Amino acid sequence: MTELNDSIQVEVLFADGKARPVWFVWRGRKIHILETTFVWKHAEGTTIFTHFSVTDGTDTYELAVDSKNFTWKLVRVEAAWSESSFI
Amino acid sequence: MERIILHLDMDAFFAACEQKTHPVLRGKPVLVCGNPATRSVVAACSYEAKSYGIRSGMSTGEALRFCPWAVLVRGDFDKYEYVSSEIFNRLKAYTPLVEIFSIDEAFLDVSSTCSFFGTPLALAKKIQGEIDRNWGLPCSIGIAPNKLLAKLASGLKKPKGIMQLSGETIPPLLENLPVEELCGIGEKTREALFRMGIITCGELGRASEETLFDRFGIAGPLLKRMGQGLDESPVLPETGRDVVKSMSHAYTLPRDSASLEELASLCLHLSEKVGRRLRHGGYQGCIVTLTVRYRNFSTFSRRKRLGRFLDDGYDIHQVACRILKGVDLSPRIRLLGVGISGLVPRQPQGDLFEEKKRRLLLAGLDRVNDRYGEETVCRASILAPLIRKTHGFSVREKLPLGGEDAEDY
């Protein structure tokens with residue numbers, strides 16, 4: 001698990017009353033999201049962040065969007081090949 | 001009319017959330033704990049880990065001796081609280097009588113609403129299916145005429161089970177069931193009953209009420225009724241619940257400590273958290289409790305009753321530290337806890353100038369921390385380099401405010 005806080009561009013599909021990230025661009029690479037595995041929110045003071053755990057079929061990424069200004073961050077990356085025994 | 005009570009228990013909730021979040025963890029023994037890089041305890045574990053004998057509350061070191069290849073995951077309690085509240089809010093679509101029993105358990109009284117959804121079993125399946133569809137999380141549900149039996153039932157068929165206890169199935173089940181399987185009978189009560197020759201619920205239900213009263217006082221007759229599977233306690237939605245009686249925070253140190261300086265700093269950190277919660281809830285308390293656990297796991301608490309009420313973390317810290325100074329630190333301390341009880345709603349303060357200034361300062365600090373997050377402003381001694389290096393709890397990463405880079409503080 002690598003902790004990051006990188007700004008990213010995200011394309012989001014709004015359907016059935018839900019937002020679903022479709023792809024994002026990180027460090028010049030466009031990553032297509034195969035599945036959103038979990039969604040949750042957390043408050044930092046009065047700001048609400050919505051977190052999306054997503055996978056491209058290989059690696060898992062945690063994206064977070066600031067509900068106030070709609071800026072997106074890539075918070076964590078978990079590479080499938082990681083040998084780490086903790087995440 | 002016989003009541004229909006459901007007890008919903010999320011299966012290995014924290015671990016299941018992490019396995020859903022991280023597909024790579026699915027099917028693996030997962031231990032949810034504090035910072036995996038330092039020592040902590042297992043807050044929850046997956047069923048795969050439980051099969052190795054690992055249980056919640058074990059130290060991670062002990063758990064890894066049972067299963068060295070288990071994956072340690074740092075718990076994200078914001079995530080669990082959010083998912084829990086979403087699920088429990090959804091349950092209100094089935095009945096307004098939902099009692100949140102813990103972060104992963106709830107009681108539902110569906111006596112009046114069950115018929116809209118078919119049988120109790122059909123309703124339980126519907127709820128279980130909805131939670132699986134929307135959150136991908138497993139749960140077990142117990143159905144019974146009261147809360148005591150519903151809770152017992154949900155634990156009988158885990159994970160992903162539904163168990164209904166009714167009329168004729170109850171006495172044979174209770175006959176040989178150990179008393180400690182009933183919610184509310186802990187280790188001490190079990191031992192006391194054992195000394196009276198009572199081991200099973202059947203025996204408890206047949207025990208003399210007078211004998212039980214002599215040993216347990218007014219709780220005696222209640223225990224007898226529990227042994228008979230009887231419980232009239234209502235399902236209490238949030239608004240009808242008891243007021244808060246105490247508040248506390250505890251922390252397991254990454255390494256055992258005998259340093260008064262380190263422990264006093266941790267004590268301040270915990271006291272400030274207690275103070276924040278008191279003010280947020282509009283309470284003050286007059287009994288400060290310090291809990292200490294030594295490296296050999298022996299644990300004790302010492303309390304100090306005050307002639308005044310407190311809600312400022314610094315005041316709580318001063319009392320807790322006075323207690324701490326009287327504690328023998330030489331066996332080295334593993335866990336420290338600070339709590340406050342004797343709570344009353346916050347009283348209007350006097351007009352003394354200093355008190356007014358202090359109130360204004362606290363209110364200002366609370367407003368900043370409410371707006372920008374916990375410990376955005378805090379006492380400098382919490383951030384002492386010693387604590388930052390050794391305990392790690394004061395270093396927190398957060399999403400940036402106003403687009404700046406992430407910061408440690």
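Chain B averages a pLDDT of 87, and 91% of its residues score at least 70; pLDDT is the predictor's confidence in each residue, on a scale from 0 to 100. Residues 385-409 of chain B are another matter, with a pLDDT below 50. That stretch still has 46 contacts in the model beyond near neighbours in sequence, a contact being two residues whose C-beta atoms, placed from the backbone, lie within 7 Å. Where pLDDT is low, the predicted coordinates should not be read in detail. For the complex, the predictor gives an ipTM of 0.83 and a pTM of 0.75.

This is a predicted model, so local features need pLDDT of at least 70 and side-chain atom pairs count only at pLDDT 80 or more, while totals for chains, interfaces and linings use all residues. Residues are numbered from 1 along each chain as its sequence is written, and chains are lettered from A and ligands numbered from 1 in the order in which they are written.

Helices (H or I, at least four residues) and strands (E, at least two) are DSSP runs, numbered from the N terminus. Strand E2 (residues 18-26) of chain A is joined to E3(A) by four bridges, the two running antiparallel, and Trp23(A) stands opposite His32(A) in E3(A).

As for overall dimensions, the C-alpha trace of chain A spans about 35 × 30 × 25 Å along its principal axes. Buried residues make up 30% of the 87 in chain A. A residue is buried if 20 or more other C-beta atoms, placed from the backbone, lie within 10 Å of its own, exposed if 12 or fewer do, and partly exposed in between. Among contacts in chain A with a separation of 6 or more, 26% are between residues 24 or more positions apart.

Chain B has 15 helices and 13 strands. Buried residues make up 35% of the chain. Of the contacts in chain B with a separation of 6 or more, 60% are between residues 24 or more positions apart.

Strand E12 (residues 333-341) of chain B is largely enclosed by the rest of the structure, because seven of its nine residues are buried. Strand E9 (residues 246-257) of chain B pairs with E12(B) in the antiparallel sense over eight bridges, with Thr252(B) partnered by Leu335(B). Strand E10 (residues 283-294) of chain B is also antiparallel to E12(B), with eight bridges; here the partner of Tyr294(B) is Ile333(B).

The largest nonpolar core has 82 residues, and those with the most contacts inside it include Leu63(A), Leu6(B) and Leu108(B). Such a core is a set of buried Ala, Val, Leu, Ile, Met, Phe, Trp, Tyr and Cys residues joined through C-beta atoms within 7 Å. A second, separate core of 24 residues includes Cys267(B), Val274(B), Val288(B) and Ile340(B).

Most residues other than glycine have a negative phi, and most peptide bonds are trans. Phe70(A), not a glycine, has a positive phi of about 55°, and counts as exposed because it has 9 C-beta neighbours inside 10 Å. Ala12(B) has a phi near 40°, but counts as buried, with 24 C-beta neighbours inside 10 Å. A cis peptide bond, with omega about -10°, joins Lys158(B) and Pro159(B).

Terms used: Pairing = 2+ DSSP bridges.
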